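Please examine the sequence and the structure shown below. A short report on selected features follows.

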2 protein chains.
Amino acid sequence: MKTLQVKLGELQRKAWELKIPIIIVFEGWHASGMGEDINRFILPLDPRGFDFHTMRRPCYKEELKPFLLHFWSRIPVRGRIGIFDRSWYSRAVIELFAKEKNEDALEKTLEELTYFERQLSDDGYLILKFFLHISEKEQKERFKEIKKRGIPLILEEYKDKNGKDLEFIEGYEEYLPVVERILERTDVPYAPWTIIEANDRNFAVLKIMSKVAGAIEKCIEKVTRTPGEQTIKYLDMAKEKLPALDGSVLEKVDLSKSITLEEYRESKKLFQEKIENLQYELLKRKRSTVVVFEGWDAAGKGGNIHRLVEELNPRLYRVVPVGSPNDYEKAHQYLWRFCSATPMAGHMTIFDRSWYGRVLVERVEGFSTEEEWGRAYREINEFEKILYDSGAIILKFWLHIDKETQLERFESRLTDPEKRWKITEDDWRNRNRWDDYEIAVNEMLQKTSTLGAPWIVVESNDKRYSRIKVLKTVAEAIEKELGT
Amino acid sequence: MKTLQVKLGELQRKAWELKIPIIIVFEGWHASGMGEDINRFILPLDPRGFDFHTMRRPCYKEELKPFLLHFWSRIPVRGRIGIFDRSWYSRAVIELFAKEKNEDALEKTLEELTYFERQLSDDGYLILKFFLHISEKEQKERFKEIKKRGIPLILEEYKDKNGKDLEFIEGYEEYLPVVERILERTDVPYAPWTIIEANDRNFAVLKIMSKVAGAIEKCIEKVTRTPGEQTIKYLDMAKEKLPALDGSVLEKVDLSKSITLEEYRESKKLFQEKIENLQYELLKRKRSTVVVFEGWDAAGKGGNIHRLVEELNPRLYRVVPVGSPNDYEKAHQYLWRFCSATPMAGHMTIFDRSWYGRVLVERVEGFSTEEEWGRAYREINEFEKILYDSGAIILKFWLHIDKETQLERFESRLTDPEKRWKITEDDWRNRNRWDDYEIAVNEMLQKTSTLGAPWIVVESNDKRYSRIKVLKTVAEAIEKELGT
């Protein structure tokens, strides 16, 4: 035991130096002794290097988002260990089985959990999952003993939809098939389950420690030997599922579209009022809305967003400008930083640039490797599917202009003292790489335009036309979804 | 209007360059048009430079901490604008007046709100507070109109303790004296209230914008002219209230205290079991515990903490190691980073080093100015008072050893391959400044040892004695507080 403790401490420091992020999940039967085992496991670790997360009853705000994002936003920074005392698995069982008995939803959620774990693994996360197993007989005896000692069996009460206590603690037989199915379904090479026979405390702790030590050791060996090798195999899988490139989308766009000032004013008023009224209906129905704006520099993203939110209630929308990630954000899987910005049910988030930076600027400028941005198409589709499945209305706008229009706008900004600050070196550098961006944009539009999260190319040489098309699209999409 | 909008945009960029953090609070009567006014106010701002916070019904987890810390952890980073759509004031009124009708608690809370605002102001935050005022007659008419349009008056329902809807929306007459008292009581030079006559929408927005523009302009002028001038006056105030230095505390400590191995084993078992049982009583009574460890390098903080938590439930305690702040943390008032680490009701947080770094390492190494660490004694006392008032049990341990013992321990660590990594350059540098630290420690012990949050100097030349004293002190303090 002592030797293992020292070794674990060393491996933790080594993993920190190599910036390997580690996720350790603990699940198991109630009264399997998980709390004590975890405590004995973490004591030899350096507390500066791990985060401990106990699954708690979700607060009402968390319930307004897909529960997986709650865990996603808690993944450890590279080099740290995230220890989850119950996790997305228990949450799935409670939400979808204990509360709802909804087998289909559970099945769908299990699939989304594998997206999550595979994306993290692809990004270099080491994932270990332990299930602490005891027999029903043993559990019954332990329940008795715990009651005798007067210690609470769980620290929080869970309630069902009607405020009644959930009785999931003692249903061993009922839960056994669910547990078995989950373990089987989600035991994958990149995030394997280890069953811990938890009758004997010392044995359990020893097995956990040696499993973790072994896995970290193996991971360190792999990282120091062949960086990046492991992940490449998924890329081909992804490619198979994605559509073949079909010429250029952008080439076919008719940029001559325009409308008169009078039409503009009328339509603007009409659609702004529509959306203003719809926002309360969205709130009532708990439907969230995600609007993504991408486009060429000076295509009019800011002006478009301004018109979209001008008449809205600031308590119901949020504009999230997305720039290059800071160091702390870079030290997580790249979708991490968007988790907290996603809207709660009934709310709208407008992204001024977005996770698509991964396949645009990061691809063109070489900030991510071909392997990384190559698998990002599938990862983004999965991420958006999680949002869609939770009831989000998703719209993605590409504001399209031609090169001449961009130049005109750059120049007019330079001569306007109020707007000069908007033009930076970056804008000119991006402009010089127009052709590379065009390739990236075309591939993005084709590979990530899905039924649930479509791309809409917006002809934006005429700003008025562009704004009305966006307003109209948003209004009509919401109306269609709400059936109003 | 247009001119003001452009000006505001410019001032926002200027404040960003100068790293001035700005807090704008909106309060007012229901139906005063706050949402629309705020939307019109934020539209001309650059969304990359502000955060918008709507006060929401607190989730059950928030209710387990002093509500002020919830807002404290949301203060803007230097250079950004934090806009609060209802704030700590509304929360105080709802929690302490609407729910409890507790005038004394409201009075005490108002005082704590001034601590908070003054600390931020001292740290360079610009604070502006707006109250949107309409008459009762006007309010009644607007209520009618809003109901006619079918728009919800507030977006969330508030419940009282018994789950009944709180009726604070329509009680204009009942709330008027409370509002008047709050405005009068908290209208301070460093965080003034501006009453906005909100009958006319355009007038209201114009007044808000010009007030904000004027205040930012003045602040920019001051910052560029005489940095730091404003804050010095508070230092003297703080000194008056604090005790005069009374010789050296550390000199009187008897470091020869020790116990036998047998005594150690017995006492350790006894007190560990006591605390293990007490933790569930603390949970039941919703009492939180804050344990702070400070001390000389190699005084045994790690080992002490290990013994304290060895038998505890990891779901109920958390060890928070505190190192030097990162850049993002430095860009906030210095107590900000501790807000989220404070324990929830019923839980225990153990700080391995703490906010006392401000008056120890930051003072000795010159990382903060004399003015900054000078006022920190009072700020820390205020911060701990907020925790204490919320029911926290606070214990602060200074682990004391002499210089010879430290040297022995450094040397033995160097020869132990398992512990060598613990010794760094910093340790030797700190050791060379022993005398400076001694002065700082003595001043800290005298100025921040309060009845509600006492310092306990622990004689730690003998590790066993040290550990037992800590365990015993914690156990007895909790027993005393719980009356068990």
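Is B:Lys419 buried, partly exposed or exposed? B:Lys419 counts as partly exposed, because its relative accessibility is 37%; buried means under 20% relative accessible area, exposed over 50%, and partly exposed in between (1.4 Å probe, protein chains only). This is a predicted model, in which local features need pLDDT of at least 70 and side-chain atom pairs count only at pLDDT 80 or more, while totals for chains, interfaces and linings use all residues. Residues are numbered from 1 along each chain as its sequence is written, chains are lettered from A in the order in which they are written, and side-chain values use heavy atoms, with hydrogens and water left out.

**A surface patch**

B:Lys419 is located in the loop between helix H16 (403-415) and helix H17 (425-432) of chain B. Helices (H or I, at least four residues) and strands (E, at least two) are DSSP runs, numbered from the N terminus. Together with A:Lys2, B:Lys422 and B:Lys463, B:Lys419 forms a patch of positive charge on the surface. Such patches are made of residues with over 30% relative accessible area and no salt bridge, with like charges joined within 9 Å and nonpolar side chains (Val, Leu, Ile, Met, Phe, Trp, Tyr) within 5 Å.

B:Phe397 belongs to strand S9 (residues 393-400) of chain B and is buried, with a relative accessible area of 0%. Beyond its neighbours within four places in sequence, the contacts (heavy atoms within 4.5 Å) of B:Phe397 include B:Val291, B:Phe293, B:Trp455 and B:Val474. In chain A, A:Thr289 lies in strand S6 (residues 289-295) and is likewise buried, at 0%. Residues up to four places away aside, A:Thr289 touches A:Leu282, A:Pro343 and A:Ile393, among others.

**Salt bridges**

Over all chains there are 88 salt bridges, each a side-chain nitrogen of Lys or Arg within 4 Å of a carboxyl oxygen of Asp or Glu. Three of them are listed here.

| Pair | N to O distance |
|---|---|
| A:Glu310 and A:Lys268 | 3.7 Å |
| A:Glu365 and A:Arg429 | 3.5 Å |
| A:Glu379 and A:Arg375 | 3.0 Å |

A:Glu365 lies in the loop between helix H14 (361-364) and helix H15 (370-389) of chain A and A:Arg429 in helix H17 (residues 425-432), so this pair ties together parts that are 64 residues apart in sequence. Both residues also belong to a network of salt bridges with A:Asp426, A:Arg433 and A:Asp436. By contrast, A:Glu379 and A:Arg375 are separated by about one helical turn, because they are four residues apart in helix H15 of chain A. A:Glu379 is buried at 0%, and A:Arg375 is buried at 3%.

Key:
Accessible areas come from the Shrake-Rupley method with a 1.4 Å probe; for residues, only the protein chains shown count as cover. Lys and Arg count as positive and Asp and Glu as negative; His and the chain ends are not counted. The place of a charge is taken as NZ of Lys, CZ of Arg, CG of Asp or CD of Glu.
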